Amino acid sequence: MKKFKGISRFLLLLFTVAFVFGSCKEKQSEPQKTTTDSLLKPSYAKGFYIEKKDGYTLLKVTKPWPHATKTFTYALVPKGNKKPDGNFDAVVTTPVSKIVATSTTYIPSLEALQVENTLVGFPDTQYISSPNTRKMIEEGKIKELGANESINTELVIDINPDVIIGFSINDQNKTYATIQKTGIPVVYNGDWAEETPLGKAEWIKFFAPFFNKEKEADSIFNYIEKNYLKAKQLVAERTEKPTVLCGAMYKDVWYLPGGKSWMAQFLADANTNYLWKNTDETGSLKMTFESVYDMGVDADFWIAPGQFIAYNQLTQENNSYKNFKAFKNKKIYTFSNTKGPTGGLLYYEMAPSRPDLVLKDIIYYLHPDALENYTPHFFKTLE
């Protein structure tokens with residue numbers, strides 16, 4: 001997922017072990033009446049909710065990034081309807097016909113809702129792996145906008161999208177502030193800050209009201225949820241839980257998922273014993289080689305070993321890797337060698353929207369008799 005080129009390749013490494021990881025209230029002169037049924041709260045996602053108002057949709061993003069202290073409030077107004085009274089961070093006319101997206105994780109949602117043809121601009125298009133969207137890039141229908149942290153504002157103004165769906169690690173994004181001054185709405189998406197697999201996937205419902213696709217989004221998510229829970233149930237009753245190690249060294253630090261992280265939840269739902277499951281971090285742990293070695297040298301499996309895709313790469317980096325049980329038994333699995341046509345990692349782009357496939361991949365390798373005829377989508381055995 002080229003989601004963070006500008007936030008640095010260092011943060012991309014954190015995503016190898018886990019996708020790491022208040023309030024601007026609406027002020028209305030005359031509060032509009034709503035019913036209990038008009039409040040649409042996701043079942044798993046914690047970062048947004050939707051309210052159906054009289055003549056518009058209110059979208060509130062409560063967690064655009066970890067530890068956010070402000071809620072962002074957006075009014076989505078159907079064409080022809082009057083702009084509602086109130087204090088909004090952006091007002092977007094719907095249905096959207098031209099959109100700029102800034103993360104590859106948004107591509108699967110747009111394609112699932114069959115609105116990818118509305119995508120007219122993207123920063124660092126080389127990281128997009130989807131064949132359908134790549135075809136649009138090659139046909140010149142999607143403009144390259146530069147790096148995410150410094151989007152080419154002149155190109156954006158020239159494209160004049162109905163909305164930019166952006167992400168940030170804080171509220172200090174000067175590029176977005178500049179774009180908003182031109183009158184182009186910027187809406188924050190916080191899917192990356194969700195801490196559970198189904199929570200990330202449920203952000204397809206965030207995109208739905210921009211295109212009047214709420215029913216379609218519900219149907220798509222229900223399918224993913226059903227598949228995920230069915231896969232989880234396959235191994236839920238097993239008493240033997242394989243022990244699991246994750247991550248790898250980067251410079252002098254071994255990064256691995258915290259016990260309350262996205263990846264740790266996958267490992268729990270796959271009925272494994274992740275050795276750092278009792279830690280409280282929702283993002284990445286930072287460990288010394290010695291501390292990981294002491295706890296993980298006898299782990300049965302090793303999942304997502306950083307950027308490494310081959311056993312000889314591991315030993316070239318640190319010869320002590322060969323002492324790990326998972327190395328000796330060739331039980332190391334990576335997603336870093338599953339790439340799109342231009343080198344983007346499929347896992348970064350698709351995994352947040354298809355947690356059911358990620359869970360099945362893990363179950364396939366760690367409980368090999370549970371899904372005998374399954375073909376993994378993201379993870380492969382180290383070369």
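Modeller: The second largest pocket is lined by 15 residues, and those nearest its centre are Pro108, Ala112, Met350, Ser353 and Arg354. A pocket here is, on a 1 Å grid over the protein atoms alone, an open set of points where a 1.4 Å probe fits, with protein on both sides within 12 Å along at least five of seven lines, and lining residues have an atom within 4 Å of a point. This is a predicted model, in which local features need pLDDT of at least 70 and side-chain atom pairs count only at pLDDT 80 or more, while totals for chains, interfaces and linings use all residues. Residues are numbered from 1 along each chain as its sequence is written, and side-chain values use heavy atoms, with hydrogens and water left out.

Colleague: Which element gives the most to that lining?

Modeller: That is α2, with four residues; helices are DSSP runs of H or I with at least four residues, numbered from the N terminus.

Colleague: Switching topic, how do α8 and α14 pack?

Modeller: Their axes, which are lines fitted to C-alpha atoms over the stretch in contact, lie 8 Å apart at an angle of about 20 degrees. α8 and α14 are therefore roughly parallel to each other, a label for angles under 35 degrees.

Colleague: And which residues meet there?

Modeller: From α8, Ile224, Asn227, Tyr228, Ala231, Lys232 and Val235 meet Pro355, Asp356, Leu359, Lys360 and Ile363 of α14, where contact means heavy atoms within 4.5 Å.

Terms used:
Helix = DSSP H or I, 4+ residues; strand = E, 2+ residues; numbered from the N terminus. Axes fitted to C-alpha atoms, helices over the stretch in contact; angles between N-to-C directions. Parallel < 35°, antiparallel > 145°, perpendicular 65-115°, else oblique.
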